[in-house]
Amino acid sequence: MIYYNKCGSTHNEFLYLFDTLSKYQILDSEYSIRLRVAHSKYHPDIRSNFRNAIQTYAKAWGFDDTKLEKLNRIEFNVIETRKTRFSQVELGWRNI
């Protein structure tokens with residue numbers, strides 16, 4: 001599992017991430033890759049940018065279908081970093 005703390009405003013961010021994963025041979029491993037974006041103000045087009053980066057990266061390196069399939073199998077999720085919900089339970093001392 002990889003936690004990513006950038007807003008994802010461009011596909012270039014993900015290209016850099018793919019290069020890093022490739023450098024450490026993580027892309028070629030048989031393990032599944034789960035990418036969790038943990039940014040409080042992620043870009044609204046983050047999923048599109050991620051998909052565009054996969055296509056751009058695969059095209060630039062001339063990947064065959066097998067490598068492209070590995071990139072497409074990366075599980076991509078945006079996780080909630082904070083909740084703006086308050087407890088319904090009244091806290092403090094009770095008056096007796």
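Begin by selecting Glu30, which is exposed at a relative accessible area of 69%, where exposed means over 50%, buried under 20% and partly exposed in between, computed with a 1.4 Å probe on protein chains only. The model on screen is predicted, so local features need pLDDT of at least 70 and side-chain atom pairs count only at pLDDT 80 or more, while totals for chains, interfaces and linings use all residues. Residues are numbered from 1 along each chain as its sequence is written, and side-chain values use heavy atoms, with hydrogens and water left out.

**Salt bridges**

Helices (H or I, at least four residues) and strands (E, at least two) are DSSP runs, numbered from the N terminus.

Next select Lys67 and Asp28, a salt bridge in which the closest N and O atoms are 3.0 Å apart. Lys67 is in helix H3 and Asp28 in the loop between H1 and E2, so these two tie together parts 39 residues apart in sequence. Lys67 is partly exposed at 33% relative accessibility, and Asp28 is partly exposed at 41%. Arg73 and Glu69 form another salt bridge, with closest N and O atoms 3.7 Å apart, and Glu69 is partly exposed at 46%. A search of the whole structure finds four salt bridges.

**The strands**

Move to strand E1 (residues 2-4), which pairs with E2 in the parallel sense over three bridges; pairing requires that DSSP finds at least two bridges between two strands. Here Tyr4 stands opposite Val37 in E2. E2 also runs parallel to E3, to which four bridges join it, and in this pair Arg34 stands opposite Glu75 in E3.

Now select Arg36, whose place is in strand E2 and which is buried, with a relative accessible area of 11%. Leaving aside residues up to four places away in sequence, Arg36 touches Met1, Ile2, Tyr3, Tyr4, Glu75, Asn77 and Ile79, contact meaning heavy atoms within 4.5 Å.

**Helix H1**

Select H1 next, whose 13 residues should span 18 Å at 1.5 Å a residue and whose end C-alpha atoms are 19 Å apart, which agrees; the expected span is 1.5 Å times one less than the number of residues. The buried residues of H1 are Glu13, Phe14, Leu15, Leu17, Phe18 and Leu21, and what covers them includes E1, E2, H2, H3 and E3. Just after H1, Gln25 takes a positive phi of about 60°.

**Helix H2**

Finish with helix H2 (residues 46-61), which has 16 residues and reaches 22 Å from its first C-alpha to its last, close to the 22 Å expected. Which residues of H2 are buried? They are Ile46, Asn49, Phe50, Ala53, Ile54, Tyr57 and Ala58. These cover an arc of only 165° around the axis, which puts them on the same side of H2; the arc is that of the directions from the helix axis to the C-beta atoms. What covers the buried residues of H2 includes helix H1 (11-23), strand E2 (34-37), helix H3 (65-72) and strand E3 (75-78). Just after H2, select Gly62, which takes a positive phi of about 65°.

Conventions. Salt bridge = Lys/Arg side-chain N within 4 Å of Asp/Glu carboxyl O.
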